[in-house]
Amino acid sequence: MMSFEVWVALAAVLAVGVLLVLIIALKVQEFLALLLTTILFGLAVGNTPTELMDLIVGEMGDSLGQLAIVIALGAIFGMILQRAGAAQRIALTLVERYSDRTIAWGLGLAGFLVATSVYIDVAIVILVPMLYGVAQRTGKSLLHYGIPLCAGLSAAYTFMPPAPGPLAASGIMGADIGLVVLFGVICGIPAVAVAGPLFGRFIGRRIHVVPPASVAGPDGTSTSPVNEKPAEELPSFGSVVVALLMPLMLILVGTAGRVLDNESTVVALLTFVGHPVMALLITVLYSMWVFGIRRGVSRAGLQELAGNALGPAGNIILVTGAGGVFGGVLVSSGLGDTLSNAMRDASIPLVVFGFVVAATMRISQGSGLVAMVTGATFSAPLAESLGASPATVALTCIAIACGGAGFSHVNDSGFWMANRYFGMSVADTLKSWTIMKSLVGIVGFTVVLALSPFVG
């Protein structure tokens, strides 16, 4: 007769299958798919309906306490930067300052800075058309410039809070966001270098892509639906960089305060301003002043910007919350103990488990956010059972992000956005975009594996 532990493990595998069927085959919205899967799994492992509903409601509240505020503030910050033309300013400045030989490195840096706060699809729509004129002027393949930019966007968007994916994974795993930021930088920089300038130069010599006529005019100017601002109306480069780095620096300050761990007033102040909620609130207020009020935006206009930002944020918050609920039900079922015993016997590290789960979900259903939420959902009870240290938990979040970053193909909306804005065939998109995304994930995960023996 099947033991309860074996049934719980089998039910978890079946739950993943149900989740994939709901999302891929039946096109059920991710939040509803996660919630339905959680209910089916909870009933299957013996929870009574009343117990299950109490558990779901309780876990939803626990999952979204801090995270909902941080995601909402991050969305407002990103919307303010987008409307101010921050991404455009960074791209223009770096294109002007870097030579044709080194511009690919500048574009990788630009993508990495921008995507910490601006949604990656918005960043692609704004920034890629700005490269059309550069490609036409130099006669080089658009991929020579576009791949480094998109590698920077991809790495930051999947490795670096306050971007939604790593924030969601950090919240579900209960990770220290400051450590996630630190490991995100350490793993992200090599990933951008390899997948960006190095691979961009390689693939640009083999696939010559000219700016698509349907998006760029004959003179190389963009005819995309995005309204580019005249250069004189853009904010200064320095003010944009300060705004982009401010939340990351404040969060790292808070982490330093927690490491010092004494009761002095200075440490208390460091911990307070470096709390993720306070770090983003300070950044949002700074951005409203610098990019809003000082530039003539009315208070009503700022209120409208904030309202517009919270719509997309709501979906991310609900998907993340549903992932946390699923994780809570997995914990209550005892799956963490079952998996930890099996992994000890098989000598599988926690970071490898998180990467494999996220990568499998990414390849199967396409959404990086859902992949990261699912990877964190299954890794959280395991980390708890293993008694993983805060540094190991944070590094596991990056491993999960690596799995969610790579392997983009035809079931990913980002694949088709790249296909359109680069004007490539499906085959060339697979050879360039898919390989670039996979390199981001694989190189990042290689660094995770190199760090894991030293993180206790």
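How much space lies in the largest cavity? About 110 Å³. This is a predicted model, where local features need pLDDT of at least 70, side-chain atom pairs count only at pLDDT 80 or more, and totals for chains, interfaces and linings use all residues. Residues are numbered from 1 along each chain as its sequence is written, and side-chain values use heavy atoms, leaving out hydrogens and water.

**The cavity**
- The structure holds one cavity of 30 Å³ or more.
- On a 1 Å grid over the protein atoms alone, a cavity is a set of points where a 1.4 Å probe fits but cannot get out, and lining residues have an atom within 4 Å of a point.
- The largest cavity is lined by 15 residues, and Gly 74, Ala 75, Tyr 119, Pro 162 and Pro 164 lie nearest its centre.
- H3 gives the most to this lining, with four residues.

**Two helices side by side**
- Helices here are DSSP runs (H or I, at least four residues), numbered from the N terminus.
- Helix H3 (residues 49-84) packs with H9 at an angle of about 170 degrees, their axes 10 Å apart.
- H3 and H9 are therefore roughly antiparallel (angles over 145 degrees).
- Their contact (heavy atoms within 4.5 Å) is made by Leu 67, Val 70 and Ile 71 of H3 and Leu 167, Ala 168 and Gly 171 of H9.

**Gly 174**
- Look for Gly 174 in the loop between helix H9 (164-173) and helix H10 (177-206).

Key. Axes fitted to C-alpha atoms, helices over the stretch in contact; angles between N-to-C directions. Parallel < 35°, antiparallel > 145°, perpendicular 65-115°, else oblique. 1 Å grid on protein atoms, 1.4 Å probe; cavity = no way out; pocket = protein on both sides within 12 Å on 5 of 7 lines; lining within 4 Å. Points joined across faces, edges and corners; volume = space filled by probe spheres on them.
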